[in-house]
Amino acid sequence: MASQVLMLACLAMSCSVILASDPSSLQDFCVADNDSPVLVNGLVCKDPKLAQPHDFFFSGLHLAGNTSNPVGSHVTPVTVAQIPGLNYLGISIARVDYAPWGINPPHTHPRATEILTVLEGRLEVGFVTSNPENRLISKILEKGDVFVFPKGLVHYQRNVENWNAVAIATLSSQNPGVITIANSVFGSKPKISADILAKAFQIDKKVVYNVQSKF
């Protein structure tokens with residue numbers, strides 16, 4: 001009797017794991033129908049018979065982005081928003097350009113792991129582990145080097161040379177999302193109370209107001 005109960009428990013656990021995993025694709029592709037009013041977790045598929053080459057195509061990653069901004073970097077994303085054919089395929093890519101000593105500021109991708117490949121220049125990269133350790137794992141990358149940023153962890157890049165740098169980022173989601181820490185915390189709409197931020201960062205409220213004014 002005990003062995004039968006154990007077998008049933010193991011079977012139940014196995015079924016729950018199977019049901020919790022992402023389902024396999026049931027068709028060749030699911031080109032996003034951006035005109036559909038239907039809301040789903042992802043984007044609605046349009047009729048596969050209506051798919052065209054441009055649904056799977058993007059041109060522009062050979063072009064340098066404009067890094068004339070306060071952080072000195074520019075990201076050119078290629079997600080399902082740019083290539084409808086990426087819908088439900090779980091992958092995307094981006095080009096990142098860095099001015100001399102420019103940064104891609106601390107941020108997270110809530111829905112994706114990222115692999116960064118340096119095409120030109122030298123970059124300092126790093127990510128921070130979760131609480132309570134908050135350990136910084138960082139490294140200087142040379143041309144051709146590859147670095148992984150685990151899903152959801154805060155990470156950054158910085159150009160450590162006096163010339164431009166370029167990297168390609170691949171992400172494990174067609175819609176990885178991005179949360180830039182400074183923009184989210186100090187640039188939220190409506191603003192987070194200065195009292196809360198002052199206590200959280202252990203700084204004076206005047207400093208909070210000054211930083212919020214920049215976003």
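Two residues are in contact when heavy atoms of each lie within 4.5 Å. The exercises below concern a predicted model.

**Exercise 1.** Determine whether Thr 108 is buried or exposed, and state which residues it contacts beyond its neighbours within four places in sequence.

*Solution.* Step 1: locate the residue. Thr 108 belongs to strand E3, which covers residues 103-108.
Step 2: apply the cut-off. A residue counts as buried under 20% relative accessible area. Thr 108 has a relative accessible area of 9%, and therefore it is buried.
Step 3: list the contacts. With neighbours within four places in sequence set aside, Thr 108 touches Gly 152, Leu 153, Val 154 and His 155, and also Gly 177, Val 178, Ile 179 and Ile 181.

**Exercise 2.** Describe the open sheet that contains E3, and explain why one side of E6 and of E10 is left without a neighbour in the sheet.

*Solution.* Step 1: write down the order. The five strands follow one another as E6-E5-E8-E3-E10, and their pairing is antiparallel.
Step 2: examine the edges. Strand E6 (136-141) and strand E10 (179-180) each have a single partner strand, so one side of each remains without a neighbour in the sheet.
Step 3: examine one pair. Strand E5 (residues 123-128) and strand E8 (residues 155-159) run antiparallel and are joined by five bridges. Within this pair, Gly 126 is opposite Tyr 156 of E8.

**Exercise 3.** Give the strand order of the open sheet that contains E1, and identify its edge strands.

*Solution.* Step 1: the order is E1-E2-E9-E4-E7, an open sheet of five strands with antiparallel pairing.
Step 2: strand E1 (73-78) and strand E7 (146-149) form the edges, each pairing on one side only.
Step 3: on average, neighbouring strands of this sheet are turned by 20° against each other, with direction ignored.
Step 4: E7 pairs with strand E4 (residues 114-120) through four bridges in the antiparallel sense. Ile 115 has Val 148 in E7 as its bridge partner.

**Exercise 4.** Characterise the second largest pocket by its volume and its lining.

*Solution.* Step 1: the space in this pocket amounts to about 510 Å³.
Step 2: 25 residues line the second largest pocket, and Val 75, Asn 104, His 107, Val 178 and Thr 180 are the closest to its centre.
Step 3: at least two lining residues come from each of E1, strand E2 (92-98), E3, strand E9 (165-171) and E10. E1 gives the largest share, four residues.
Step 4: sorted by class, the lining comprises twelve nonpolar, twelve polar and one charged residues.

Definitions and conventions: Residues are numbered from 1 along each chain as its sequence is written. This is a predicted model: local features need pLDDT of at least 70, side-chain atom pairs count only at pLDDT 80 or more; totals for chains, interfaces and linings use all residues. Side-chain values use heavy atoms; hydrogens and water are left out. Two strands pair if DSSP finds at least two bridges between them. Axes are lines fitted to C-alpha atoms, for helices over the stretch in contact, and angles run from 0 to 180 degrees between N-to-C directions. Buried means under 20% relative accessible area, exposed over 50%, partly exposed in between (1.4 Å probe, protein chains only). On a 1 Å grid over the protein atoms alone, a cavity is a set of points where a 1.4 Å probe fits but cannot get out, and a pocket is an open set with protein on both sides within 12 Å along at least five of seven lines; lining residues have an atom within 4 Å of a point. Grid points are joined across faces, edges and corners, and a volume is the space filled by probe spheres set on the points. Ala, Val, Leu, Ile, Met, Phe, Trp, Tyr, Cys and Pro count as nonpolar, Asp, Glu, Lys and Arg as charged, and the others, Gly among them, as polar.
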